[in-house]
Amino acid sequence: MKDATQAANVSYYDYIVVGGGTAGCPLAATLSERFRVLLLERGGSPYGDERVEDMTRFTDTLADTSPGSPVQRFVSEDGVINSRPRVLGGGSCINAGFYTRAGDDYVRGAGWDLEATRAAYRWVEDVVAFHPELGPWQAALQAGLLESGITPDNGFTFDHLDGTKVGGSIFDADGRRHTAADLLRYARADGLDVLLWARVAKILFNVRGRRPVARGVVFHDSKGRMHKAYLNARRGNEIILSAGAMGSPQLLMLSGVGPADHLRLFGITLVHDQPEVGQGMSDNPMNAIYVPSPSLVETSLIQVVGITQVGSYIEGSSGARHSASARNFGMFSPQTGQLATVPPKQRTPEAIARAAETMRQLDDSAFRGGFILEKILGPLSTGHLELRNRNPDDNPSVTFNYFSHPEDLRRCVAGLSVIERVIQSKAFENFTYTDFSMETLLNMSTGFPVNLLPRHDNDTTSLEQFCRDTVMTIWHYHGGCQVGRVVDTEYRVLGLDALRVIDGSTFNASPGTNPQATVMMLGRYMGLKIQSERLKAEGSERTKL
């Protein structure tokens with residue numbers, strides 16, 4: 001790894017991978033086995049950064065809005081607070097750590113080879129996946145799901161199976177995070193250059209031929225100095241976008257590939273009119289119920305999942321964050337009503353800071369408990385992404401249209417009904433107050449400042465309204481460069497040459513219950529496939545000679 005300030009003004013490679021994230025790291029490592037690869041990451045290193053490595057810092061990190069943070073916060077046009085990564089290793093550095101594969105049906109639907117995907121998953125798991133030991137709260141959640149009919153008991157498994165299971169985790173037994181960046185250990189050292197704080201401004205194209213051909217990228221280092229990296233003049237060399245569901249469609253548009261009318265608004269020279277770029281944006285909605293506990297609970301993130309027959313997944317997170325700084329603004333911080341007294345439009349950074357200070361003064365018992373959450377598969381609701389300006393560092397505008405499809409709302413309500421059964425189960429009785437009704441818990445949960453949406457009087461009596469008003473993200477957003485719309489089944493950008501997109505922006509639905517395992521797998525899977533294609537092509541050329 002090198003800081004981009006040390007990069008040459010002009011350089012040449014066989015492959016240029018834009019985005020050192022969950023897909024980009026395994027992809028670059030694999031391609032480096034046979035080729036010269038440049039991996040450009042807009043953020044810094046995860047190594048030695050406690051915000052990334054320490055599990056107990058999870059909510060602190062999501063709340064960190066400093067310029068050097070591994071997290072870049074954004075708020076969708078729906079009013080839901082969200083985050084995108086800005087660090088080598090991408091989303092695997094800032095997520096809740098759950099590791100689980102996609103189901104076989106998803107793999108077949110994507111057109112991937114089952115055996116090759118299993119081998120690619122194993123390649124990932126050998127480095128980053130662990131078997132978590134359940135504490136009492138997570139064990140009670142597991143037993144409560146089984147008692148509530150979410151069967152069979154599948155024990156510990158990486159596989160996506162109906163019923164209740166313990167999944168893998170990228171946190172080891174000491175609570176230390178392992179990320180996609182660790183997969184770079186597979187790289188051939190002479191084959192890979194990794195540049196940090198390298199902010200790609202645009203892709204360069206040769207537009208003189210019949211079809212535009214990607215030939216290089218322009219990027220800036222942290223001091224604002226411009227650099228250019230070009231592809232070596234060899235057939236088959238490519239630029240690959242792995243900048244994620246926010247970054248990849250944004251970079252295509254900034255490079256002149258997108259809806260012509262939209263690009264014209266920003267004075268961007270059109271390379272290829274592609275109205276599907278930025279379309280099909282989806283984010284799996286999450287709704288959570290906070291369950292105060294009379295008993296002490298362990299600090300845990302996602303370890304158990306109930307894969308229901310009703311189109312929703314049930315998971316949980318427990319425990320107080322014991323450091324003084326940890327009671328900060330984060331999705332899984334039980335901030336019992338402090339910020340809820342502030343109207344949504346007045347939830348400024350200053351108001352959040354005042355609320356956080358109030359939280360720091362509360363007794364630990366106020367934070368004893370856990371969230372049981374449901375999130376839906378799919379989803380079927382979709383939105384779109386647009387540019388705000390020409391600055392690649394700024395977040396684009398994104399709308400997810402949560403619950404615009406009635407089936408998504410039905411799945412949410414069904415999932416909340418499962419959570420109610422879990423809370424009322426005998427297995428969970430040590431971790432809930434018997435005199436707290438479901439309506440009381442809904443009322444308490446409605447008060448949390450999880451989004452910028454107004455609340456309604458019927459939030460505790462209408463589960464549909466509760467779903468709409470308390471919707472959160474669980475950071476599984478995808479789309480914007482979907483297969484069949486922007487890229488083909490080999491992830492080549494339609495209408496262009498020497499350019500692919502390989503990341504979650506290509507997904508039409510989120511894989512399994514949590515996507516990170518499949519995104520890492522896809523980097524490895526496609527890296528091997530590209531190598532194989534080139535060996536065949538070069539072999540046939542030699543045969544002709």
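The model is predicted: local features need pLDDT of at least 70, side-chain atom pairs count only at pLDDT 80 or more, and totals for chains, interfaces and linings use all residues. Residues are numbered from 1 along each chain as its sequence is written, and side-chain values use heavy atoms, with hydrogens and water left out.

Select residues 279–281 and 397–399, strands E18 and E24. Strands are DSSP runs of E with at least two residues, helices runs of H or I with at least four, numbered from the N terminus. E18 and E24 are the edges of the sheet, each with a single partner strand, so one side of each has no neighbour in the sheet. The order is E18-E23-E24, an open sheet of 3 strands with antiparallel pairing; two strands pair if DSSP finds at least two bridges between them. From one strand to the next the twist averages 35°.

Glu386 has Ser397 in E24 as its bridge partner.

Next, select helix H7, residues 244–254, which packs on the sheet and touches E18, E23 and E24. Contact means heavy atoms within 4.5 Å. The direction of H7 makes about 55° with that of E23; axes are lines fitted to C-alpha atoms, for helices over the stretch in contact, and angles run from 0 to 180 degrees between N-to-C directions.

Now go to Thr164 in strand E9, residues 163–166. Is Thr164 buried or exposed? Thr164 is buried, at 0% relative accessibility (buried is under 20% relative accessible area, exposed over 50%, partly exposed in between, with a 1.4 Å probe and protein chains only). Show the backbone oxygen of Ile150: a polar atom of the Thr164 side chain lies 2.7 Å from that oxygen.

Terms used: A polar contact is a pair of N or O atoms within 3.5 Å; within protein, one must be able to donate a hydrogen and the other to accept it, and residues adjacent in sequence count only if both atoms are side-chain atoms.
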